[in-house]
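Work through the exercises below with the sequence and the coordinates side by side, and try each task before reading its solution.

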Amino acid sequence: MAGLIGRDSETAQLESLLDGASAASPAGGALLVRGEPGIGKSALLEEAAGRGRDRGMLVLNCSGVSGEAHLAFAGLHQMLWPVRADADALPAVQRNALFAALGLVDAPVPGIHLVGLATLELLTECARRAPVLMVVDDVHWLDRPTSEVLAFLALRLHADPVVLAAACRDGEGDAGPLDTAALRELRLGPLDPAAAAALLDSYGRLDPRTRRRVLEVAVGNPLALVELPTALRGRPDDTDPPAWLPLTARLERAYADRLAGLPEASRTALLAAALGGDALAEVLDAASRVAGTEVSAADLAPAVAAGLVEIDAARARFRHPLVRSAVHEAASAARRGQMHAVLAEVLADAPDRAVWHRAAATVGPHEEVAADLARAAARAQLRGATSVAAAALAEAARLTAQPARRGHLLLRAAEQSHELGQWQTTLRLLDQAETLELDLGDQIQLRWFREVLSPASSTGTPPLADFADMADRMRRAGDTELVLDALLRVVMRSWWSSPEPESYRRLAVVAEASAAYDADPRLLNIMALADPLGRAAEVRSRLSDCPPAVVSAAGYLLGLAAQAAGATDQALAFHTAASATLREQGQLGLLGECLLAKSWVALLLGRLDLALAAADEGGRLLAETRIPFWATGTQLVTAIVAGRRGDATTAADLTGRAERVLATAGIPSMLTQVHMARGAAALDAGRFTEAYEQLARVFDPDDITYHPQMRAWALAEYVVAASRSGHQDAARARCAELSEVAAATGSPLLRAGLTIAAPMLADDDAAGALFDEALRADLRAWPLHRARLQLAYGAWLRRHRNVVESRTPLRAARDMFDALGATVEGERARQELRASGEESGGRVPGVLDRLTPQEWHIARLAAQGLSNREIGQQLYLSHRTISSHLYRIFPKLGITSRAELAAVLATAPDAES
């Protein structure tokens, strides 16, 4: 191909992208082209498509259309329609999800990420025949569900012969989810003077005066260089648009000038296309109804000749989006309203499209249209199109005259916007709702939203007493489901604020009076968080009636309840069961949160490899689903594990990054985990006084980072640090306080910590008997606790000249630390053994030392007999990506086939519960 004038470096980047998909060992990728209107983004994408076809690639296209931004998966429908038959080769779950998204079957969409995985597998299937190039223009106008799927794909194309080239206009919104997908960006600037002149001259000779004016006005913008000559040729200087007029407006005026010379039928058809879509039959039908006479494709011929539109048998496409804008602005508001009303009639068989035209044609309140929009929102929600649902609810609110109803719709729209992470939009909708007379349930919802979205108060304590009063009134009115949902959110948000106990406990009382059954996951979660002292034992008892093997995604709430009640082993089982369900449902955002909780539980249980694997996957999912705030928790888990494995640099880096994010939260107690990570790192580095100072803050009620429930999380490290830094007296006082809590709650986690604390903090005279008592305790669920106890006991024996006896607990401690991957503490046990006169060789690196957390996860699933496709379904990766990982895993483990995996992994602790 001849190529684009003045774009050699840009086309070279496209070539590099296409080369990756066509290589012997293919590597996919994505490129986002940005630039102002007319700068050549579409031309560059067309160049990419042409070069892709020349290479024999399968080229799939879609374009964002402003009129279809509220039509869920409209862009995906465009792109995948030519290859829909290939979806028959997909697993049934994926095929059904994709067909539901494309409207080929009448069923709810199970989850946007399941649609993304189905699309990825479909493209990988197509790539068996030829590498695939996706070309996506006008990303800023794509419907959000399609953008979500494209962002999902962009993060997963590394090992597949599939590439994505997309374009987004500057100053017209943004690229939506693709903005956070870490795409490589190519920003197009103006052509240099020589290239601009060459492009202008390639379209014919101009008289010198016009040529000079075009080059001056166009300032290197390719569209202007092509379109302005017609507008400026023969025009006197005093009739030019003002020099200060922006180039975009100048181009729109140039197009508008061409519109003025067209026949009425042409202008009517163009308006139908500008307000509707590009389907020619729909455009001509709407234009005919408005004109009162038949309008045919022949009536668009003058517009084609004027360079405004291109038509074929099925489509009428504007030559540039600015033409659409010019047509829209040239029509009066009344004329646009008339066309919207007619388009609604034409699209009567497509209610989700028609309702938006009816709304656009409606000036004042209209309850019927508002109700239709609310129904469209419900349908969009079933298809996983949260953004479409939010927009439909907000528009429905505009069209209803009933204040309470309007407020309810605004709050529902705010809830959907909040789910999308659109904080400013959520606050704007709440501001509108707050001026209205709301029903009681909506008052609670509004108060909850305000609490969640606004900075914490000076005390960090939300108005819980008010919440409890409103919730109780709602309960008496019969709105028990809404009561539990609202209280659940309030309680989970308030937990970080160390709230006033009396008001907090009252929330649990209201919740219990509202619940229909004792094992409701919401109720157990509220009870455990809001009243840990009074109800922890009861929560654990009720949890025993909820077998993890049969729980649904609500098991995440049960896991959080078990965590709060100190039943850490139960929590691990619930989170494991819930994460399996969430994977199957494609709820990757909630799966990320569940994996975050699971990583902390595994850390507390000493299951370092499981903690690292859960934190690694959870962190990626939380970042991908735009919940980066919670992703900081996974960074802190990873930091603690890194410190225990002797990687102080990584530990410090991750902790610092997490602290910078959490410091902006406005809730000081959220920094508790930062101090836990810093204390653990100092402890692992042998800086015992620093470790004590960091961890002591978690236990100090006068410290702003104090959190009463998280003292149990930090207790084991706090005790070790205190015993090694000479702070036994202070630590004994804290443990005395916690003993009262343990007696009231029966928390297994707290009891395990206090068990090892008693001998470690005791005077020498009492330590021996206390060590004996502690070693008889059942610490099977707490292997790291027991190993620390054995290390402390062995060191105590050696210091008291019982050298031979010291070796047995020291060996046991060393072996357990080694098995758990706690290399720093394992080396301390070796040092103690050497001091006792027994040589101890260095730790032999295990299987898990040679693999990344993701590789370990893949290897474990492969060892269980899962195929690459089945592993991909679990991890939301393509089967080719799984194959690529296994190709790297085998040499690391010294094997040549997956048949050998099970035997090799049998030597490592299981990374799953």
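The exercises that follow treat a helix pair and the nonpolar cores.

The model is predicted, so that local features need pLDDT of at least 70 and side-chain atom pairs count only at pLDDT 80 or more, whereas totals for chains, interfaces and linings use all residues. Residues are numbered from 1 along each chain as its sequence is written, and side-chain values use heavy atoms, with hydrogens and water left out.

**Exercise 1.** Determine how helix 37 and helix 39 are oriented to each other, and which residues meet.

Solution. Start with the axes, which are lines fitted to C-alpha atoms over the stretch in contact, with angles from 0 to 180 degrees between N-to-C directions: those of helix 37 (residues 748–761) and helix 39 (residues 783–799) come within 10 Å and cross at roughly 5°. The two helices are therefore roughly parallel, the term for angles under 35 degrees. Next, list the contacts (heavy atoms within 4.5 Å): Ala-752, Gly-753, Ile-756, Pro-759 and Met-760 of helix 37 meet His-785, Arg-788, Leu-789 and Ala-792 of helix 39.

**Exercise 2.** Identify which residues touch the most other members of the largest nonpolar core.

Solution. A nonpolar core is a set of buried (under 20% relative accessible area) Ala, Val, Leu, Ile, Met, Phe, Trp, Tyr and Cys residues joined through side-chain atoms within 4.5 Å. Among the 215 residues of the largest one, Leu-98 and Leu-164 touch the most other members, while helix 29 (residues 588–604) gives the most to this core, with 11 residues. Apart from this core lies another, of 49 residues, including Leu-191 and Leu-343.

Notes: Helices (H or I, at least four residues) and strands (E, at least two) are DSSP runs, numbered from the N terminus. Angles under 35 degrees count as roughly parallel, over 145 as roughly antiparallel, 65 to 115 as roughly perpendicular and the rest as oblique. Buried means under 20% relative accessible area, exposed over 50%, partly exposed in between (1.4 Å probe, protein chains only).
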